[in-house]
Amino acid sequence: MIHHQHFLTFFQHACGHFLKASFALLVVGNLLAGSETQSSTRERELMDHGWRFMKYETAEDADELIYDVRPENSGNSWDAIPADTKPTEAVEVKADRMVLKPWIMPSGNDFLSNSQDLYIRPEGNPGDDFPFTQIDFDDRAWEAVTLPHDWAIQGPFYEGDDPTVGGGMGRLPSPGVAWYRKALNITDADADKQVFLEVEGAMSYAMVWLNGNLVGGWPFGYASWQLDLTPYLDFEGENQLAIRLDNPPHSSRWYPGGGIYRDVYLVKTHPVHVAQWGTKVTTPTVSDVEAEVQLEVTLKNDSEVDVLAQVKTTICELDIDTRERGNCVATVGAVDVLVSAGKKLSTVGVTTVQDPRLWGPLPDQSPHLYEAVTEVLISGEVVDTFSTKFGIRSLEFDANKGVLVNGVHVVLNGVNQHHDLGALGAAFNLRAAERQLEILKEMGCNAIRMAHNPPAPGLLDLCDEMGFLVCNESFDVWERKKTGYGFHLIYPEWHEQDMRALVRRDFNHPSVIMWSIGNEVGEQYTGEEGAAIAAELCKIVHEEDSTRPTTTSMNWAKPDMPLPAMVDLISLNYQGEGIRQDPIFEGTDRIQTPPMYPAFHEAFPDKVVVSSESASAFSSRGVYLFPVTEGRTSPIREGMGGDSSIQQVSSYELYAVDFGSSADMVFEKQDQNPYVAGEFVWSGFDYLGEPTPYYSSRSSYCGIIDLAGFPKNRYYLYQSRWRPDFPMAHILPHWNWPDRVGEVTPVHIFTSGDEAELFLNGKSLGRKTKGRYDYRLRWDDVVYEPGELRVVAYKEGEEWAKASVETTGAPSQIDLQADRSAIAADGKDLSFVTLQMVDDEGLLVPNAMSQVEFSIEGPGEIVATDNGDPTDMTEFPSNQRNAFNGLCLAIVKGIPGEPGTIRLTAESEGLGSQTIEIEALHACCVK
């Protein structure tokens, strides 16, 4: 079925230009002739191996092939500023030397809606005489690397009071200028093809040369982008790709990573092909009986003549476990389109799927997926095949209920996630991301906010497959700056390209339910001027996608200000539960905001309200500090949950950043305002950088889960709320306190039950029941004596769950447990091995800190080690690491193409050693 507007376009072309079309058909024969020895459909080659890498030692050593000049004195290494500091105006600067920006800007032309705004490439070819861009440059002395690659994660960490890179950006060497080079696999069989470079993420200011020719680039480090290499290829000789990256200092409020840190592909197509991100699948009507599926396909004709092509699509089910293609359930009938030379043309078809298998979030629904296989034919021959995964689902936003997926109310039990993967850094790894989602899923999490930038496409694939809802976010800043060399420097010229690219790239992911156009932007403070920028971004999004709402996360803007009115959905950071309401802030000049859910709901009765950042509570796993606050929440101060001498925060889970609150307080405000759609907790995992309140550390304290992936106590508090039907009980603290005999040591219980009885060495300390706004049970007067703490939880009067902790002996041995005992021998699949220091009875010793040395035998490598301690400055690749409160982690991978048994051994003085075996298998043998 053809959309009527596209049918009229086709009819005018077909009838009004019949002679031209006839000529095109003659040319089609030439386009197809001589192609018997080559594939007629697209090829997409993952380019992960064979790269050479070189990073200049200092910025002063770097070459002069710059994208643009930057302001001077834009920042310093001291970055311990509050996260809610008011952004300021950008510093204007004029170029005083040659810059390459005019040659790079045309790379984004496909994402500019106004043809008058298109950029024209200047004459000339900057960098054509620079050695690194040349085919004959000898790069054998450069480091051999495999993509994705983060040049900074190996360290070393910068320590001390005046570091080159401060705690805010993770104390790792992410700033700098570097080059990547790779020879391309091009033969004369590719001579009739279009060849594209597809980059999913490169940090940052990427510029690409091929055979000495400046092809283009993209400055935003989180964007995915594509360049046409065809005009610069030698189909009979060598082809050398060279990519320059320039990662500025003071460019981020968290660890940005550095390098080509996501996947890169070489894509080869027929000149007439489905355009970049050229399909859009929508499901206008959905029921259990049938679903209407609408598919828009955009073709691009890179040939020099008009071409008559045919488009048809088959829709197939994907197996929910294997994701392999199953039954074909519908077709979108063939449509003939005349695509003008050098142009794009879209066509829309509609079909019906009977008895659809709906996509919905776990645990109450199932994340079923389909695949639309689109074929482009010329004279009956298939010249391009393009696959699109999608889900059939309905999505509603009700101001009084929240989010409804397929008509079912879904409370957003969500978390915020930065893009790093702990000890692996920013280099995207599918298994590492999957592990994070698995841990979050077990907690009861069903939603992820991508903070504060476009995520790796593979992460969204996982969210589709695992049933997570996603708030997809674009920018952390607009025109006003938070850091000296942040995105604000390129926002005026690149925001439209970056915003449209994000929506087009991620349009077909059913997990994506909203688009966030910004986070805590400085334009909250600029009234109508800031609102106009928000309105422009919302307009861009709506032009690309009319099916999802827009939002922006506001930590300061109030209901009577113009900015909130511009977005479709109200997202509040910390304002819902109130900011700095503790008496300690009275009389200060810090931002103080009373709880704002009711005010926003009253001002915008037709808009859903959600907490896009909640809590920002802090803790260090396994660290307990005394005394314990009697309140439900407390800011962190010396002796109030914090200890600057060890730079750790108490794990009683009652302490938060000044503008935040404990989970208990957040739960209370949400329960008092049931129209709130849910929350995205700051944050799911600890992340590199932003180590409030101790900026001499390497990583954050706000995660529910630490950097190594070990749950903190807070994990079980959220689990008790988000999985109310899961029988569980959790006791804190541990019970190893030889220096506290006879002293009051509070005991708290997290349980999905409604009451519990606590026992110390068999003696009941009483049975307590949760009150209306109680989310934990507290025994704050327990006097410590060694032995066993045991709890029995009840629900509706019936025994529900049990738990216990015991005073342990000294650590005497090592226990190793792998999350997966078999991995693919591909150099990418990973096994995460947890080391526990245990006593003679096999009990975890919760305060053990001994050093561990890891070694490996067989076809494997230790990628990194970690322990979750934000103060640990040991380099991640080190095989030696101290345990942190009884735990340590080793990450193991196989060697590509070398199956066999990997033996990981851990040894610690006085504890002996233990070895664990991991099988590295051919990829086809791993499930």
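The place of P733 is the loop between strands β34 (729-732) and β35 (747-751). The peptide bond from L732 to P733 is cis, with omega near 10 degrees. Helices (H or I, at least four residues) and strands (E, at least two) are DSSP runs, numbered from the N terminus. This is a predicted model: local features need pLDDT of at least 70, side-chain atom pairs count only at pLDDT 80 or more, and totals for chains, interfaces and linings use all residues. Residues are numbered from 1 along each chain as its sequence is written, and side-chain values use heavy atoms, with hydrogens and water left out.

**The loop between β3 and β4**

- P156 also sits in a loop, the one between β3 and β4. A cis peptide bond joins G155 to P156, with omega about 5 degrees.
- R171 is found in the loop between β3 and β4. Its phi is near 60 degrees, a positive value in a residue other than glycine.
- R171 is buried, at a relative accessible area of 4%. Buried means under 20% relative accessible area, exposed means over 50%, and partly exposed lies in between (1.4 Å probe, protein chains only).

**Another positive phi**

- Y574 is not a glycine, yet its phi is positive, about 70 degrees.
- Y574 lies in the loop between β26 (569-573) and α8. It is buried, with a relative accessible area of 3%.

**Aromatic pairs**

- The whole structure holds 36 aromatic pairs. Rings of Phe, Tyr and Trp (its six-membered ring) pair if their centres lie within 6.5 Å; planes under 30 degrees apart are stacked, over 60 edge-to-face, and the rest tilted.
- F130 and F132 form an edge-to-face pair, 4.9 Å centre to centre with 75 degrees between the planes. F130 counts as buried at 19% relative accessibility, and F132 counts as buried at 12%.
- F157 and F876 have ring centres 5.5 Å apart and planes at 70 degrees, so this pair is edge-to-face. F157 is in the loop between β3 (143-145) and β4 (176-183), and F876 is in the loop between β45 (860-866) and β46 (880-882), so the pair ties together parts 719 residues apart in sequence.
- Both F157 and F876 are buried.
- Ring pairs link Y56, F130, F132, F137, W142, W179 and W209 into a cluster.

**Charges over rings**

- The charged end of K280 sits over the ring of F507, 5.2 Å from its centre. This requires NZ of Lys or CZ of Arg within 6 Å of the ring centre and within 35 degrees of the ring normal.
- R790 lies over the face of F759, 4.5 Å from the ring centre.

**Helix α9**

- In helix α9 (residues 663-672), 8 of the 10 residues are buried, so the helix is largely enclosed by the rest of the structure.
- The buried residues are A663, D664, M665, V666, F667, E668, K669 and Q670.
- Their cover includes α8 (597-603), β27 (609-615), β33 (678-682) and α10 (713-722).

**Around L358**

- L358 is in the loop between β15 (344-354) and β16 (369-378). It counts as buried at 18% relative accessibility.
- The C-alpha atoms of L358 and I392 are separated by 5.1 Å, and the two residues are 34 apart along the chain.
- Leaving aside neighbours within four places in sequence, L358 is in contact with V286, S287, D288, S366, H368, I392 and N406. Contact means heavy atoms within 4.5 Å.
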